[in-house]
Amino acid sequence: MQALIDKIHDTLRARTSEGRVADYIPELAKIDPAKFGIAIETVDGRSYASGDADEAFSIQSVSKMFTLTLALGKVGDALWQRVGREPSGTAFNSIVQLEHEQGIPRNPFINAGAIVVSDVLLAGHQPREAIGEILRFVRFLAEDEGIVIDSKVARSETATGFRNAALANYMRAFGNLHHAVEMVLGVYFHHCAIAMSCRQLARSGLFLANNGINPLSGFRVVQNERARRINALMLTCGHYDGSGDFAFRVGIPAKSGVGGGILAVVPGLASVAVWSPGLNAHGNSHVGSLALEALAREAGWSVFSR
Ligand code: GLN
């Protein structure tokens, strides 16, 4: 496995310049596009890493897996009255479907859906407390108290997140946000600004590869059925309008973020995180996707066969 990821890292390193780093969040535009890391954690306790696997980066939408898991813990299936479970077929920050669908976002991984999830996590809390709860959960999953929020990134997005403000205001007009837009966006921007390394991210995803139990600590994070459903949503919606192609090429559940990170889950076997900041046309890591495609092919990993 180590030789395999080293080979993949070596082969694809030269292609990191093909993608485009997200620049609509000014702070993200400063990242070196040549960064490239891969980390694997297996459910039986082995770790492998290659390249920049220990450098923290902005996890952005990968955080939506964590907030979805927390929100389901809080309100259970009632969440599905406010957020759908269908792929959107539109860009991650699109507003078009919201008008036709009465302010109910298609799924919890597009921005609109994750903003509703933030609103759910805000219930009974001040934004600071909700953000603290999310961060504590991520630290617990990764078994790492060193994980922090990059406040520069959060500020940068707060200053420029006009589309997200539009989505939030629009949903508030439909009654699908229960708190003040500024408060909800505060929670959303801060969880997107969590900084983690590939190694930390891979550890934090292990519970999804192990029927809801973190194999490192033995703690049950969610019931088996919930882990399965979160994996299903990652497979169908985790790469926005690129989800079909990702399932076709890679074939395992995964969640991407515009920071260039992808967290992928191989049920029963492993959790994998990759990071390469250059994005493809759908806003998913270009080389990260290629790396997961190569890894899944070489290792024979797929949820569609065994
Ligand atoms: N914070 C980013 C945004 O709202 C997250 C998007 C992403 O990672 N796809 O635009």
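Everything here comes from a predicted model, in which local features need pLDDT of at least 70, side-chain atom pairs count only at pLDDT 80 or more, and totals for chains, interfaces and linings use all residues. Residues are numbered from 1 along each chain as its sequence is written, and side-chain values use heavy atoms, with hydrogens and water left out.

**View 1. The shell around the ligand.**

**View 2. Polar atoms facing the ligand.** Look for N or O pairs here (the cut-off for a polar contact is 3.5 Å; within protein, one atom must be able to donate a hydrogen and the other to accept it, and residues adjacent in sequence count only if both atoms are side-chain atoms). Tyr-24 puts a polar side-chain atom 2.5 Å from a ligand oxygen, and a side-chain N or O atom of Ser-61 sits 2.6 Å from an oxygen atom of the ligand. Over at Glu-157, a polar side-chain atom is 2.8 Å from a ligand nitrogen. On its own the ligand would expose 300 Å², and the protein buries 100% of that (Shrake-Rupley areas, 1.4 Å probe; for residues, only the protein chains shown count as cover).

**View 3. Zooming in on Ser-61.** Ser-61 belongs to the loop between β3 (57-58) and α2 (63-75); helices (H or I, at least four residues) and strands (E, at least two) are DSSP runs numbered from the N terminus. With a relative accessible area of 5%, Ser-61 is buried (under 20%; exposed is over 50%, partly exposed in between, with a 1.4 Å probe and protein chains only). Its side chain makes polar contacts with the side chains of Lys-64 at 2.8 Å and Tyr-240 at 2.9 Å. Skipping neighbours within four places in sequence, Ser-61 is in contact (heavy atoms within 4.5 Å) with Asn-111, Tyr-240, Lys-255, Ser-256 and Gly-257.

View 4. The structure has 0 disulfides (a pair of cysteine sulfur atoms within 2.5 Å). Cys-198 is in no disulfide either, its nearest cysteine sulfur being that of Cys-192, 18 Å away. Cys-192 is buried at 1% relative accessible area, and Cys-198 is buried at 0%.
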